[in-house]
Structures are given as C-alpha cells and as structure tokens.
Amino acid sequence: MSTSTPQAPRHRVVVIGSGFGGLFATQRLKRADVDVTLVARTTHHLFQPLLYQVATGILSEGEIAPSTREVLRRQDNAEVLLGDVTAIDLAARTVTHSTVGRESVTPYDSLVVAAGAGQSWFGNDEFARHAPGMKSIDDALELRGRIFGSFELAELASTPAEIERLMTFVVVGAGPTGVEMAGQIAELARRTLRRDFRRIDPTKARVILLDAAPAVLGSFGEKLGDRAVRRLTSMGVEVRLGAKVVGVDSTGIEVEREDGTRERIESVCKVWAAGVSASPLGQQLAEQSGATLDRAGRIAVQPDLTLPGHPEVFVVGDMMALDNLPGVAQVAIQGGRYAADQIRRRLDGKEPKGPFHYFDKGSMATISRFSAVASVGKAQFSGFIAWLLWLAVHLVYIIGFKHRITTLMHWVVSFLGRGRSERTVTEQQVFARQAIHDLGDRFHPELPRLTKDRPHEPADRSA
C-alpha cells in the first residue's frame with residue numbers, strides 16, 4: 001500500500017495596494033513558485049497621473065482605472081481580495097483587512113507594502129470639505145461635478161458678484177498636478193464651453209494657481225518652470241507664488257503673502273493639489289520595527305527596501321523613504337519589480353541583488369493641448385515636442401490595449417476638436433462625501449447577513 005507525501009505549501013506573498021508598486025510586483029511574480037494575494041481597498045488599478053483628465057471631462061474613469069481582476073485574470077498564482085488593511089502584525093506575519101463590516105486575516109511569508117499616499121492639507125484637514133484633493137476616482141468625479149457645476153450655477157446666478165464667485169477657479173499647488181489642472185480648466189472655459197451658455201461667457205472665467213513656494217514646477221528646474229509660467233499666463237491663468245493658504249470656506253479662500261498681508265479670493269470651486277501624506281500603515285510598521293518616519297509619514301527602509309530587522313517585508317512606492325526619492329510612478333514601478341525579484345532570488349537560493357537603484361526616466365507635465373514640459377536626464381524639452389513625448393509615455397504605461405485605444409480616441413476628440421465626452425455630473429458625486437462626513441459615527445456600511453451565514457468575525461485565511 002503506497003502512501004503519498006503531503007506537498008509542502010507554497011511560499012505565500014501578500015501585496016498591499018493595487019497601485020503601480022503593488023500591481024507591478026504582483027505581475028513580476030507570475031512565473032514564480034509562490035501564491036500571491038493582492039489586497040486593496042479598491043477593485044481597480046488607478047493610473048493616477050491622468051486623474052486630472054477625468055476631473056476635467058477628457059477621459060472616463062474606466063480608461064485610467066481598469067479592474068485589477070481583469071488585469072491579473074491570466075495570472076493563475078495570484079488572487080485579488082477587496083479590503084482596507086487595518087493592521088499588520090510583523091511578529092505573527094499576518095495582515096488584517098476589512099470591507100463592509102467583514103474582517104479577514106491573511107498570513108504571509110513575504111510581504112510587499114505598497115499602500116501609497118493620500119492628500120495632505122498640512123494639518124488643516126478641515127480644508128478638504130471645500131477644497132478636495134485629487135488622489136482617487138472619487139476625488140476626480142467630485143471635482144468634475146464641482147467644475148462643471150460651477151458654470152451651471154453661474155448661468156442661474158442673479159448678480160455679477162455671484163457669477164464672478166462661481167466662475168473663479170483656484171488651484172492650490174504649482175507642481176505637475178496643479179499645473180496640469182489649471183491648464184485644463186483654462187482650456188475648458190476658453191475653448192470647450194465658450195458657446196455652450198447663453199447668460200454667461202465662460203471665456204471670462206478666472207483660473208488662479210497658488211503656491212507658497214517661490215517657483216512653478218520646482219523639481220523641473222528654473223528654465224522649464226519659467227516656460228510653464230509663460231504658457232499658463234498666455235492662457236489667462238493667474239500664477240501667484242509665495243502665497244500660503246490660511247483659510248478655506250464654501251465661498252472663498254484666504255491666502256497670506258510673504259510680507260504677512262492677507263487676501264481673500266472669492267471662489268466656490270477650489271482644487272487642492274499640494275502635499276502628500278503616506279498611508280497610516282507606515283506608523284504601524286515603524287512602531288513594530290523601530291524604523292523612523294519622515295514628515296510625510298514615509299518609513300525609512302534599508303537599501304534593499306526591507307524593514308529593519310524584517311527582511312521578509314518590503315516597502316515600496318510612496319510609503320518608503322530612501323535617498324530622497326520622489327513619490328512618482330516610476331519609483332513605485334521599479335521598487336515593486338525589485339522587491340519581487342528579491343523574493344524570487346531567495347526562493348531559488350541565489351544571492352540577493354545589490355541595493356535598490358532608481359533609474360530616473362525623466363519628468364513630464366502637460367500645460368495645454370500641444371504644449372508640455374519634459375526633463376529627461378540633462379535634456380529639457382518644452383512645447384509640442386515635449387507634448388508628444390508626454391503622449392507616448394502615458395500611452396505606454398496605461399494598462400491594457402483596449403484602454404490605450406479608447407484613451408487615444410478621447411484625446412483626438414479633445415485635442416483636435418473642442419468636445420469633451422465625459423461631462424456627465426450628478427449631485428451625488430459632489431455632495432456624497434460631505435454627507436458621509438456629516439453622518440460621522442452613524443455611518444457604518446455593512447453587508448446584511450442572514451442568521452444561517454457562517455460567522456466571519458474575523459475570518460482566518462491561514463487554514
């Protein structure tokens with residue numbers, strides 16, 4: 001009588017986050033002898049650099065946020081779980097995550113933490129109610145409703161002061177996101193909407209770009225920053241530097257100049273594009289590992305992207321602090337791939353790779369149609385050539401062939417013509433987050449369960 005030897009379980013890799021770092025780490029492990037569990041709070045992979053185009057009606061959310069399950073459907077060793085990670089236990093090697101009141105615990109042998117970053121209002125979180133950030137699909141759809149809704153309400157306004165308030169758009173933050181947002185709002189007003197209204201003239205809308213910093217696109221260098229300012233100014237955007245936001249309410253924003261004087265700008269629609277804050281999971285990891293956090297909440301990692309004392313835990317993307325690397329997509333992509341390669345090498349009994357080295361492929365930002373700035377190594381480009389570079393690079397990194405094709409078609413409509421195909425807005429998009437915030441502790445989304453359902457509090461996936 002023959003007996004079969006039980007097969008040892010495969011190495012379990014848990015990846016937290018479906019952004020660039022998490023998705024590219026998961027895909028890199030496709031042919032590895034491991035079981036990968038990707039846990040994320042959303043069901044999609046977000047191409048965050050194009051969020052501003054969703055907010056201004058150029059692209060639909062589906063084109064920049066493909067389903068994570070669809071992206072990984074051919075990767076048999078990967079599973080996707082919906083859940084917001086609430087706890088990481090480094091000693092027990094478990095990840096706890098929950099969704100709609102359902103809590104689960106997933107064990108790991110190796111962990112890749114790529115939970116990303118959120119918006120930072122620099123300690124003034126109350127500003128978010130009236131000046132939303134732009135880090136998620138919800139943010140972009142809310143802003144789309146606010147932007148297009150401001151023009152609609154201006155058409156109904158009864159006084160010049162009210163019209164001016166509704167047609168004044170303030171973008172806070174003169175980095176790439178702020179510059180792109182300000183440029184697109186200006187194009188929207190002066191080109192797309194110019195003939196759509198009868199009582200107001202959209203071309204008279206004011207677009208103001210604010211930043212406490214002394215330069216626009218500071219990381220691009222003075223030359224490209226100055227070119228961006230000139231292009232924005234020619235489009236009618238008012239660029240105000242050295243202006244610190246000290247107050248925000250429903251009808252305006254208050255700024256403090258470098259000389260200490262203050263000014264109030266009457267504006268209903270404000271966009272916050274300044275500052276990032278790493279996931280709060282960084283605090284948990286720091287407390288358990290003894291690692292330090294920087295001012296943005298990013299955790300200091302070893303040169304191989306692991307936590308001190310925990311070589312099985314990798315932190316990549318916007319959550320890690322290493323060599324002052326910027327929080328951009330390429331850092332996350334390269335970090336995710338590096339972590340996956342290290343895991344594979346360990347399992348194959350190979351020597352680990354050397355320290356992580358980031359290869360800078362350059363920085364790009366669009367200002368308007370046919371105009372952008374790009375810095376690639378020592379080379380700098382602006383205008384139409386930079387815009388073509390931006391176009392090509394973004395098409396390459398959009399996930400999925402069909403999304404590339406539909407995105408290109410929308411760009412043709414928006415850049416060659418005047419139309420923007422994604423202009424549908426609803427009150428729910430604009431006010432749902434405020435309503436949830438006002439409900440406070442009374443709002444607990446849960447999935448109703450029948451008494452015959454097996455308890456899941458908490459579900460332990462280690463069995």
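Helix α9 (residues 281–289) lies across β1, β7, β18 and β19 (310–315), running at about 160° to β19. Helices (H or I, at least four residues) and strands (E, at least two) are DSSP runs, numbered from the N terminus. This is a predicted model, where local features need pLDDT of at least 70 and side-chain atom pairs count only at pLDDT 80 or more, while totals for chains, interfaces and linings use all residues. Residues are numbered from 1 along each chain as its sequence is written, and side-chain values use heavy atoms, with hydrogens and water left out.

**The six-stranded sheet**
- Here we have an open sheet with mixed pairing, in the order β3-β2-β1-β7-β19-β18; strands pair if DSSP finds at least two bridges between them.
- At its edges sit β3 (78–82) and β18 (306–307), each pairing on one side only.
- Strands β1 (residues 11–16) and β7 (residues 110–113) run parallel and are joined by four bridges, and Val15 has Val112 of β7 as its bridge partner.
- Helix α10 (residues 329–347) packs on this sheet too, touching β1, β2 (34–40), β7, β18 and β19, and its direction makes about 155° with that of β19.
- Such angles run from 0 to 180 degrees between N-to-C directions, with axes fitted to C-alpha atoms, for helices over the stretch in contact.

**The three-stranded sheet**
- A second open sheet has antiparallel pairing and the order β21-β22-β23, with β21 (363–368) and β23 (379–383) as its edge strands.
- Five bridges join β21 to β22 (residues 371–376); Ala365 is partnered by Val373 in β22.
- Helix α8 (residues 222–234) packs on this sheet, touching β21, β22 and β23, at about 5° to the direction of β23.

**Where α5 meets α13**
- Helices α5 (residues 137–156) and α13 (residues 427–439) pack at about 120°, with their axes 7 Å apart.
- That makes α5 and α13 oblique to each other, since angles under 35 degrees count as roughly parallel, over 145 as roughly antiparallel, 65 to 115 as roughly perpendicular and the rest as oblique.
- Residues in contact (heavy atoms within 4.5 Å) include Leu141, Gly145 and Arg146 of α5 and Val430 and Arg433 of α13.

**The second largest pocket**
- α5 and α13 each supply at least two residues of this pocket's lining, and α5 gives the largest share, seven residues.
- The lining has 18 residues, and Gly145, Arg146, Leu153, Val430 and Phe431 lie nearest the pocket's centre.
- A pocket, on a 1 Å grid over the protein atoms alone, is an open set of points where a 1.4 Å probe fits, with protein on both sides within 12 Å along at least five of seven lines; lining residues have an atom within 4 Å of a point.
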